[in-house]
Amino acid sequence: MNSTIEKIEKIEAETKQEQRILACNAWHLVRYVLEHDHEIKVPTKFNAGQFVEWSENYPDLNTEDKINFINQYAMLEKITKKVTARTLVATRIHGRGFFHAAFFTSVGQYLLFLSTITFIFVYLLIVNVTGKVTILTPFCAAGLGTCVFLLRITQEKLKSREFDPAFIPSQLIRLCLGVLAGGSIVLFPDLVKPDKTITDIGNQINLGQGSLAFVLGYAVDIFYAILDNIGGKIKNRNQ
């Protein structure tokens, strides 16, 4: 009996917490809409004051007001397109200080990780280029190219308030795919001298091939689109 009551209380507490989060997100959303009313076409029937009041008192609203609030919330996210309440909350780091922004927000932690990985690739690339150029060079160059792309895209998304932390795992997967795409140039025999075996490939890597690996890492979508196209043609031919 006690365990059942505890479960119910836990569910109620979690529900109230979700409602608070929803109310907070709604406040950020309506504020963004009001600040960009010259860019966003808001229906004339929308009452911003009423919506804010609903957001602040959402857990205690009656059923009808909750339905109206949810409908208007969905309407706002529809007209703001890629700028959602989640992206607004995630990118709201102004005024909190660098330390808090870098270590206590999902965006800051991701940028810190991405910057660290970028410097690691730069260091490995310098070591490989200034020393003996090895088979690791294209992988490092491809990783650097992918990091440059991710940093550029993230900067654009942060500026437009469209960065969604939910897509961080997919961007990390892109990093892995970029490293593999750029590093794959060592598998093509035309990039090494014909009288060399696969064990000698590392000695034949040069700066030109490193540059190609960088481009492949940066434009990894094009590389895999070509592979998908080739794979599709082979599949259709076999059917």
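At 49% relative accessibility, Asp-221 counts as partly exposed, a class that lies between buried (under 20% relative accessible area) and exposed (over 50%), using a 1.4 Å probe and protein chains only. The model you are looking at is predicted, so local features need pLDDT of at least 70 and side-chain atom pairs count only at pLDDT 80 or more, while totals for chains, interfaces and linings use all residues. Residues are numbered from 1 along each chain as its sequence is written, and side-chain values use heavy atoms, with hydrogens and water left out.

Which residue does Asp-221 meet in a salt bridge? The partner is Arg-174, with 2.9 Å from N to O. This pair joins distant parts of the chain, as Asp-221 sits in helix α11 (residues 220-238) and Arg-174 in helix α8, 47 residues apart. Arg-174, for its part, is buried, at a relative accessible area of 13%. A salt bridge here is a side-chain nitrogen of Lys or Arg within 4 Å of a carboxyl oxygen of Asp or Glu, and by this rule there are 5 of them.

## The overall build

Now step back to the whole chain. The protein chain holds 11 helices and 0 strands, where helices (H or I, at least four residues) and strands (E, at least two) are DSSP runs numbered from the N terminus. Along the sequence, then, the pattern reads α-α-α-α-α-α-α-α-α-α-α. Of its 239 residues, 35% count as buried.

## The largest pocket

A pocket, on a 1 Å grid over the protein atoms alone, is an open set of points where a 1.4 Å probe fits, with protein on both sides within 12 Å along at least five of seven lines; lining residues have an atom within 4 Å of a point. The space in this one is about 280 Å³, the volume being what is filled by probe spheres set on points joined across faces, edges and corners.

Helices α7 (136-159) and α8 (168-183) each supply at least two of the lining residues. Which helix gives the most? That is α8, with 3 residues. By class, the lining has 3 nonpolar, 4 polar and 5 charged residues; Ala, Val, Leu, Ile, Met, Phe, Trp, Tyr, Cys and Pro count as nonpolar, Asp, Glu, Lys and Arg as charged, and the others, Gly among them, as polar.

Glu-35 is partly exposed at 43%, as is Arg-31 at 38%. Gln-17 is placed in helix α1 too. From Gln-17 to Pro-59 the C-alpha distance is 9.4 Å, across 42 residues of sequence.

## A nonpolar patch on the surface

Which residues form a nonpolar patch on the surface? They are Phe-99, Phe-103, Phe-104 and Leu-112, with about 420 Å² of accessible area together. Patches are made of residues with over 30% relative accessible area and no salt bridge, joining like charges within 9 Å and nonpolar side chains (Val, Leu, Ile, Met, Phe, Trp, Tyr) within 5 Å. The areas come from the Shrake-Rupley method with a 1.4 Å probe; for residues, only the protein chains shown count as cover. Phe-99 has its place in helix α5 (residues 98-103) and is exposed, with a relative accessible area of 53%.
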